[in-house]
Structures are given as structure tokens and as C-alpha cells.
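Please find below a short note for a colleague who is meeting this structure for the first time.

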Amino acid sequence: MIKDSWLFKPFTDKPIALISEDGEWIGSFKCDLEPETLKRFYRDMLAARILDERLVILLRTGKTSFVAPGAGHEAAQVGIAHAVKPKFDWLFPYYRDMGLMLALGIPAVELFAQAIATKADPNKGRQMPFHPGSKEFKVFNVASPIASHIPPAAGAAISMKLRNTGEVAVCTFGDGATSEGDWHAGINFASVQGAPAVFICENNRYAISVGYEKQTASENIAVKAQAYGMPGYYVDGMDVLASYYVVREAVERARSGHGPALVELVVYRYGPHSSADDDSRYRPKEEVELWKTQKDPIERFRRFLEKQGLWTAEWEASLREEITAELAKAAEEAEAAGEIPAEWMFDDVYAEPLWPQKEQRALVLEELS
Ligand SMILES: Cc1ncc(C[n+]2csc(CCOP(=O)(O)OP(=O)(O)O)c2C)c(N)n1
Ligand SMILES: [Mg+2]
């Protein structure tokens, strides 16, 4: 199918934005989203922020051992979640994508249970915290080695093309990931094969303590797409509508046989890289403050909604209360599900357990009895 009426041009000099910093629509087309959908985006962004805070509480109270905060990435992640068909398209996320997974519809109880390894974790406690996955939602388990999920995403997309399924593989990663060999190999082959994949970089300008300029000499990430023969979109990832519309178009292109695209969403991470890191050692306090106080993605979208007559302080207060209660209940349920029994580690290794698993399982049970 040939379509020449795409909304966005690739390789722009400036990041694509649809809402100005003060909340005005600045797109060259009409925003076609229903008021309820716009309000849903806002709810999902707030929920992502509150989920982030609750996960830190789990760390501080000793219930989990690791967090990778996502605050500052909400507009990008909620935009992505709404641009795909949940439970139909495949998602290959990375560890900072809790808000994306929540907005996609993965129950909060499963995300909490994954972080604290209880029986409500569909992954049976086999992954480190912040590395969920969901068979039901077609979410590939988060892989710790940076960019190691890019070739599998490309492979899945190639399979989708060969089987003509109409699905799209959407793969997210950080700016640091784009300097890995796996990233180049996967992106290159997806493009050679014309596979229905969308590669999305949540560029927060740091790979732990390594700043963007020490990572790449490229003026931006999107421009790298040129070398692979696919479009690269440079987008303001603090703008939820720009994130949504550009990813939606990239997904539509891929689904309709136009091959993969690379989307760069420029964001900022408000917290440290993870609970194992002190970001004050490599980021100026003023830089963090500027992004927090002047570029907050939730605040920017709030201004937009207010101008549309879709936001009031009362609505915000009730929304916060509702989300906080929902997440508190989910966290309680996750904890109440109970610890994962140690012997579960031997399940699902082979269709039929071999003698070493049977023997080791018996030994573990004996040791714990
Ligand atoms: C192959 C590999 N090298 C190093 C690491 C250690 N590590 C974990 S996260 C990370 C930074 C990744 O940064 P980026 O891709 O920009 O994502 P961000 O955390 O900023 O969202 C590094 C180096 C790893 N997990 N895997
Ligand atoms: Mg980064």
C-alpha cells in the first residue's frame, strides 16, 4: 500500500512538538482525540508517576532490592502505550518502562509482585526487580544486558512479516543502548528485511553517569536511521501528544508494509539511574531542577487540558486519590500473594523434568523442611 500523506517528516532539525511549553496546540493538523482519550492520557501519566513513588517505598521498606525510576519519561511512555494495539502488537521494553507497561494495561498487582517476587508475579520471581514481562500482553521479558533485546525484536518482526500477521514489534531502549553492537545488528537487519518494527529511543541524555556527548558524536539519535535506510523521527518526548502521534504513524507505516522506523523521544530522568547510583556526582543540580520545574511533562499536558476546558483542580484531586488507592490495593494484593516457593525454580526448565532437576528439587525441599 502506498501512502504519501504521512503527517510527519523524518530528520527534522528540531524535535517535533505538538504542544508548546505553555500548553498551546502547535500542530499543523487538528488534534483528533476525544476528550475522554486526552483525559485518559493524563490519568496514565499521573499513575506512572505515582507508581514510581510507590516502587521507591518498596525499596525503602526493604521489600524490593532495586528500582530504576521512570519519572520524567511519562509522556513518552504513555504516548507509546496508546499508539499500539495491546495484546496484539508485541512490545520489547527496557527496565525503565514501568509507566509504559501500566498504561498498556498490565495489572499493577503484577508489576508490584514482580518487584517483590511473590506468587502474583506471572514470571514466578525469576527476574530481578524492574524486569517484568507478560505473555498475555505480548511483552517480552526485560533483558538486563543493554540492547540485547534489539535482535530478538527484529527477529520477531521478520517472523510477523513472513507469516503476514499484521502485528508490529515495538522496541524501546535508552540512548546508551544505541552505542551497542546488538543495536546496530538488529536495526540493520530489520530494515534489510523490511520488517514491521518500530525502534524507540527514550533519550534522557545519560547512560548511568555517561553523558550523551561521551556516548555518541551524532547530533541526535534519530539521524542514525539514515544509515539503515529507514526514517528517523526526532521528537520532544516531554510532549505526550507528539510522542503518541509520531509513534502511531510509525506503527501504521510498519503495519502497512513500509518497514521499520526509528523514533527518538527526548526526555529527562528525574531520579537517579537506579537505587545503586548517586546522580549528584555527575549531573549539575541546576540541570535537574530546570527539567523538573520548567519541563515537567505532566504539568505541560495539564496546561493543555486546562486550555481545552478538560482539567480542574477538583478532578485532579479526585484522580490522585483514586490512583493512590488503586495502587495501594494492588501493592497489598501483591504482598498478600505470598513468597515464591523455592522449588518453583525447577519448574518449566524442560517439558518433563530430567533427573538433575528432580534430584536438586528434592534436596532443596529437604534443606528447607
Ligand atoms: C551490555 C551491558 N553493559 C553495561 C550494562 C550496565 N548498565 C545498565 S543500565 C546502563 C545504562 C543504559 O543507559 P541508557 O541506554 O541510556 O538507558 P537509561 O538507563 O538512561 O534509561 C548500563 C551501562 C548492562 N546492563 N549491559
Ligand atoms: Mg539514557
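This is a predicted model: local features need pLDDT of at least 70, side-chain atom pairs count only at pLDDT 80 or more; totals for chains, interfaces and linings use all residues.

1. Asp-175 belongs to the loop between β2 (169-174) and α6 (181-192), and Asn-204 to the loop between β3 (197-203) and β4 (206-207), so the pair ties together parts that are 29 residues apart in sequence. Asp-175 and Asn-204 are both buried.

2. Helix α11 spans residues 297-307, and its buried residues are Pro-297, Ile-298, Arg-300, Phe-301, Arg-302, Phe-304 and Leu-305. The elements that cover these buried residues include α1 (35-60), α2 (74-83), β6 (232-236), α9 (240-255) and α12 (313-336).

3. The two ends of α11 also deserve attention. At its start, the backbone nitrogen of Ile-298 has a side-chain oxygen of Asp-296 within 2.7 Å. Just after the helix, Gly-309 adopts a positive phi of about 75°.

4. On the surface, a nonpolar patch is formed by Val-349, Tyr-350 and Leu-354, whose accessible area together is about 280 Å². Tyr-350 is placed in the loop between α12 and α13 (355-368). Tyr-350 counts as partly exposed because its relative accessibility is 45%, whereas exposed would require over 50%.

Methods:
Residues are numbered from 1 along each chain as its sequence is written. Chains are lettered from A and ligands numbered from 1 in the order in which they are written. Side-chain values use heavy atoms; hydrogens and water are left out. Helices (H or I, at least four residues) and strands (E, at least two) are DSSP runs, numbered from the N terminus. Buried means under 20% relative accessible area, exposed over 50%, partly exposed in between (1.4 Å probe, protein chains only). Contact means heavy atoms within 4.5 Å. A polar contact is a pair of N or O atoms within 3.5 Å; within protein, one must be able to donate a hydrogen and the other to accept it, and residues adjacent in sequence count only if both atoms are side-chain atoms. Patches are made of residues with over 30% relative accessible area and no salt bridge: like charges are joined within 9 Å, nonpolar side chains (Val, Leu, Ile, Met, Phe, Trp, Tyr) within 5 Å. Accessible areas come from the Shrake-Rupley method with a 1.4 Å probe; for residues, only the protein chains shown count as cover. A salt bridge is a side-chain nitrogen of Lys or Arg within 4 Å of a carboxyl oxygen of Asp or Glu.
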